[in-house]
Amino acid sequence: MVDVTVDEAQAQFVEIIRRRAAFALFEERDYVRSEVTVAELMKAHPTSAIGFQLRGRIAEDQGRKAQASAMYRRALELVERFGDRLLVAAPGSLRHEAMLE
């Protein structure tokens with residue numbers, strides 16, 4: 001079991017809430033608010049694979065395939081290099097998305 005301080009636990013909880021909010025806004029096709037929420041997440045966690053993955057999904061939905069693919073590749077790099085303690089999507093899905101171009 002990993003020891004986690006109260007501050008770390010709170011930070012993880014806030015990150016989970018931001019991820020869920022960003023995904024909910026994405027699902028509603030509210031890309032502007034979703035991107036703002038992702039930007040807040042990325043400000044606190046600049047190596048968040050989920051942040052890059054969601055930026056890729058937003059770009060893909062908006063027809064920006066090259067940017068989407070770049071975001072997916074960055075997310076995959078982060079997962080492979082550092083892992084992502086709160087990652088909810090399997091790395092295999094990132095590998096598929098990274099091949100978007």
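Threonine 37 is in contact with Arg18, Ala21, Ala22 and Leu25, leaving aside its neighbours within four places in sequence. This threonine lies in helix 2. Threonine 37 is buried, with a relative accessible area of 12%. The model is predicted.

**Overall layout**

The protein has five helices and zero strands. Along the sequence the pattern reads α-α-α-α-α. Of the 101 residues in the protein, 37% are buried. Contacts can also be sorted by distance along the chain. Among those between residues at least 6 apart in sequence, 54% join residues at least 24 apart.

**The nonpolar core**

In soluble globular proteins, nonpolar side chains tend to be buried together. Here the largest nonpolar core has 15 residues. Those with the most contacts inside this core are Phe26, Val38, Ala49, Phe52, Leu54 and Ile58. Four helices each supply at least two residues of the core: helix 1 (6-27), helix 2 (31-44), helix 3 (49-61) and helix 4 (65-82). Which helix gives the most to this core? Helix 3 does, with five residues.

Phenylalanine 26 is one of the core residues with the most contacts. Not counting residues up to four places away in sequence, phenylalanine 26 touches Tyr31, Ser34, Leu54, Arg57, Ile58 and Asp61.

**Helix 1 against helix 3**

Two packed helices are described by the angle between their axes and the distance between the axes. For helix 1 and helix 3, the angle is about 10 degrees and the axes are 11 Å apart. Angles under 35 degrees count as roughly parallel. Helix 1 and helix 3 are therefore roughly parallel to each other. Helix 1 makes the contact through Arg19, Ala22, Phe23, Phe26 and Glu27. Helix 3 makes it through Ile50, Leu54, Arg57, Ile58 and Asp61. By class, this contact of helix 1 with helix 3 has six nonpolar, no polar and four charged residues.

**Helix 3 and its buried residues**

Helix 3 has 13 residues, which should span 18 Å at 1.5 Å a residue. Its end C-alpha atoms are 18 Å apart, which agrees. The buried residues in helix 3 are Ala49, Ile50, Gly51, Phe52, Gln53, Leu54, Gly56, Ile58 and Ala59.

Glycine 51 is found in helix 3. Is glycine 51 buried or exposed? Glycine 51 is buried, with a relative accessible area of 0%. Not counting residues up to four places away in sequence, glycine 51 touches Val38, Leu41 and Met42.

Glutamine 53 is also in helix 3. Glutamine 53 is buried, at a relative accessible area of 5%. Just after helix 3 comes glycine 63, which takes a positive phi of about 80 degrees.

**Helix 4**

Helix 4 has 18 residues. From its first C-alpha to its last, helix 4 reaches 25 Å, close to the 26 Å expected at 1.5 Å a residue. Ala68, Ser69, Met71, Tyr72, Ala75, Leu76, Leu78 and Val79 are buried in helix 4. Alanine 75 has its place in this helix. At 0% relative accessibility, alanine 75 counts as buried.

**Pairs across the fold**

| Pair | Apart along the chain | C-alpha to C-alpha |
|---|---|---|
| Glutamine 53 and tyrosine 72 | 19 residues | 5.3 Å |
| Glycine 51 and alanine 22 | 29 residues | 8.9 Å |
| Alanine 75 and glycine 56 | 19 residues | 8.9 Å |

Tyrosine 72 is among the buried residues of helix 4. Glycine 56 is among the buried residues of helix 3.

**A loop residue**

Most residues other than glycine have a negative phi, and most peptide bonds are trans. Arginine 29 has a positive phi of about 60 degrees although it is not a glycine. Where is arginine 29 found? Arginine 29 is in the loop between helix 1 and helix 2. At 58% relative accessibility, arginine 29 counts as exposed.

Note on methods
Residues numbered from 1 in each chain as written. Predicted model: local features only at pLDDT ≥ 70, side-chain atom pairs only at ≥ 80, totals over all residues. Heavy atoms only, no water. Core = buried A, V, L, I, M, F, W, Y, C linked by side-chain atoms within 4.5 Å. Buried < 20%, exposed > 50% of the residue type's maximum accessible area, 1.4 Å probe, protein only. Contact = heavy atoms within 4.5 Å. Axes fitted to C-alpha atoms, helices over the stretch in contact; angles between N-to-C directions. Parallel < 35°, antiparallel > 145°, perpendicular 65-115°, else oblique. Nonpolar A, V, L, I, M, F, W, Y, C, P; charged D, E, K, R; others polar. Expected span 1.5 Å × (residues − 1).
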